[in-house]
Amino acid sequence: MSELSNRQMIVRTVFQIVTVKVLLKICFATDVIPANFVFGDSLVDAGNNNYIASLSKANFVPNGIDFGGPTGRFTNGRTIVDIIGQELGLPGFTPPYLAPTARGPVVLQGINYASGGGGILNHTGNIFGGRINFDAQLDNFENTRQDIISTIGVSATLELLQSSLFSVTMGSNDFINNYFTPIVSAEEQKLVPPQVFVASMIARFKLQLTRLYTSGARKIIVVNVGPIGCIPYERDLNPTAGTSCASRPNQLAQLFNTELRSLTKELATSFKGSIFVYADVYRIVDDMIQNYRAYGFDSGSFACCYMAGSFGGLIPCGPSSKVCPDRSKYVFWDPFHPSDAANVIIAKRLLDGDSNDVFPINIRQLANV
């Protein structure tokens with residue numbers, strides 16, 4: 001090979017290295033983490049369901065009333081991951097995967113794959129028609145991963161992913177819109193014991209979280225299922241509970257959470273270089289509901305956006321709904337989802353809480369590892 005060819009090869013290699021370093025400097029511009037990749041359901045959906053044929057949508061008023069307008073978020077303001085991203089200094093909000101703007105350099109700072117109605121099990125949420133379950137969200141992440149590789153190369157991509165945050169907020173719909181779906185699931189509840197159903201969820205979840213790790217994720221936050229028996233929807237479906245939460249949904253959520261905590265420990269031990277963080281949202285939200293006045297709320301059980309039901313939980317929030325004048329005084333925005341005010345409390349306890357809230361380290365500590 002001639003000296004000129006050698007020089008050309010060296011120049012080309014140096015150019016590629018400089019390009020990668022410049023791109024990495026851009027995507028690592030934040031003080032703590034380069035990117036935030038979000039997986040989950042309507043608790044963290046930022047608008048993916050706007051782009052699919054689904055009955056599970058929130059891109060209409062009064063949703064987003066404190067966000068400047070509806071965006072597809074199932075709350076009056078920000079989701080938990082929106083707030084965490086702001087606290088960690090990420091620029092803007094992590095965009096939904098299906099949005100036309102989620103292309104090009106923006107993917108280097110993370111993407112939100114969450115979908116209202118989505119679950120761990122692929123038949124979860126079928127009553128809504130379209131929804132993106134966790135397996136499909138992982139497929140979408142693989143597409144993003146390839147886009148990043150095409151932009152900055154394999155080595156830089158692996159470095160980016162290993163330093164990024166990954167969060168998974170899944171499981172609620174597998175109970176609310178699968179095992180406990182009124183009428184539709186009556187036969188399944190008779191044939192499939194709760195322990196068997198939970199075991200099927202955990203087995204599937206293990207495969208999915210393994211796939212996430214194999215794809216390059218190392219800092220993985222796994223959010224447990226909240227006290228679903230306390231949401232206005234379940235309270236109204238179970239009137240015999242009176243002013244208390246519906247016990248059976250909460251019992252199954254706790255059964256799942258016990259198994260999930262063990263799973264996160266197992267995966268952290270098995271997968272070299274990984275940190276699996278178990279986020280105990282059940283504990284945090286239950287504390288808020290039981291002690292709502294201590295947190296500055298006027299209600300820990302009634303939906304702020306409501307139409308019918310003793311707790312405002314029988315009909316989803318929509319343009320014809322009534323809306324409470326002060327959203328900051330309600331734990332629940334609608335029959336299913338927390339308000340922005342509640343999300344702030346949840347996010348801050350996950351960010352800076354002790355090992356009772358988030359284990360083995362909190363999210364701010366994880367970001368700095």
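Visitor: At what angle do helix 10 and helix 11 pack, and how far apart are their axes?
Guide: In this predicted model, helix 10 (residues 281-290) and helix 11 pack at an angle of about 135 degrees, and their axes are 10 Å apart.

Visitor: Which residues of helix 10 and helix 11 meet?
Guide: Val281, Arg283, Ile284, Val285, Asp287 and Met288 in helix 10 meet Ala342, Ile345, Ile346, Arg349 and Leu350 in helix 11. By class, this contact has 8 nonpolar, no polar and 3 charged residues.

Visitor: What makes helix 2 largely enclosed by the rest of the structure?
Guide: Buried requires under 20% relative accessible area. Of the 8 residues of helix 2 (residues 80-87), 6 are buried, so helix 2 is largely enclosed. The buried ones are Ile80, Val81, Asp82, Ile83, Ile84 and Gly85.

Visitor: What covers the buried residues of helix 2?
Guide: The cover includes strand 1 (36-40), strand 2 (165-169), helix 11 (340-352) and helix 12 (363-368).

Visitor: Which residues touch the most other members of the largest nonpolar core?
Guide: Phe39, Phe175, Phe205 and Phe256 do, in a core of 85 residues. Leaving out residues up to four places away in sequence, Phe205 touches Ile120, Phe134, Val168, Met170, Val222, Phe256, Leu260 and Leu263. Another core, of 6 residues, lies apart from the largest one, and Cys305, Cys317, Tyr330 and Trp333 are among its members.

Key. Residues numbered from 1 in each chain as written. Predicted model: local features only at pLDDT ≥ 70, side-chain atom pairs only at ≥ 80, totals over all residues. Heavy atoms only, no water. Buried < 20%, exposed > 50% of the residue type's maximum accessible area, 1.4 Å probe, protein only. Helix = DSSP H or I, 4+ residues; strand = E, 2+ residues; numbered from the N terminus. Contact = heavy atoms within 4.5 Å. Axes fitted to C-alpha atoms, helices over the stretch in contact; angles between N-to-C directions. Nonpolar A, V, L, I, M, F, W, Y, C, P; charged D, E, K, R; others polar. Core = buried A, V, L, I, M, F, W, Y, C linked by side-chain atoms within 4.5 Å.
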